[in-house]
Amino acid sequence: MEEIGAGIFGWLLKLLGLAARSMVWLVVAAWEYLIVNLAWYFGWPICWVLSIGQFPKTEIGNGDNASLTEAILVCLVGLAIPFTIAVLLAPWENFGAS
């Protein structure tokens with residue numbers, strides 16, 4: 001009887017471990033997609049226009065090949081843009097509400 005209980009308990013622990021690893025994988029995948037990819041695609045054109053085509057040296061579709069410094073700077077600009085827009089639009093959030 002104890003063997004059956006241990007088998008079920010072990011099976012439940014394996015299932016919980018699989019669920020935890022799946023959640024970690026989803027968080028990492030979401031982080032990579034939302035932060036890295038979207039920030040790169042938001043930041044690249046802005047950096048390119050502001051530097052008159054001098055920066056970044058890496059093409060927009062090749063963000064994976066960018067140097068670490070270039071990727072960080074472009075992604076920071078890409079993250080700053082939506083944040084800045086949100087801050088600027090915040091006073092208008094309840095505009096017209098009674």
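Colleague: Which residues does Val 74 touch, not counting residues up to four places away in sequence?

Modeller: A word of caution to begin with: this is a predicted model. Contact here means heavy atoms within 4.5 Å. By that test Val 74 touches Ala 39, Trp 40, Gly 43, Trp 44, Cys 47, Phe 55 and Pro 56.

Colleague: Which residues make up the largest nonpolar core?

Modeller: The idea is to take buried nonpolar residues and join them through side-chain atoms. In this case the largest such core has eight residues: Ala 39, Trp 40, Trp 44, Cys 47, Ala 66, Ala 71, Val 74 and Cys 75. Helices α1 (2-50) and α2 (68-89) each supply at least two residues of this core. The biggest contribution, four residues, is from α1.

Colleague: How many helices and strands are there in the protein?

Modeller: Two helices and zero strands.

Colleague: And how many aromatic pairs does the structure hold?

Modeller: One. To read such a pair, look at the distance between ring centres and the angle between planes; planes under 30 degrees apart count as stacked. The rings of Trp 44 and Trp 48 have centres 5.9 Å apart and planes at 10°, so this pair is stacked. Both residues belong to helix α1, where they sit four residues apart, about one turn of the helix.

Colleague: Is Trp 44 buried or exposed?

Modeller: The cut-off for buried is under 20% relative accessible area. Trp 44 has 14% relative accessibility, so Trp 44 counts as buried.

Colleague: What percentage of the residues of the protein count as buried?

Modeller: Of the 98 residues, 13% count as buried.

Colleague: Lastly, what share of the contacts with a separation of 6 or more comes from residues 24 or more positions apart?

Modeller: Count the contacts in the protein with a separation of 6 or more, and residues 24 or more positions apart account for 47% of them.

Methods
Residues numbered from 1 in each chain as written. Predicted model: local features only at pLDDT ≥ 70, side-chain atom pairs only at ≥ 80, totals over all residues. Heavy atoms only, no water. Core = buried A, V, L, I, M, F, W, Y, C linked by side-chain atoms within 4.5 Å. Buried < 20%, exposed > 50% of the residue type's maximum accessible area, 1.4 Å probe, protein only. Phe/Tyr/Trp six-rings, centres within 6.5 Å; stacked < 30°, edge-to-face > 60°.
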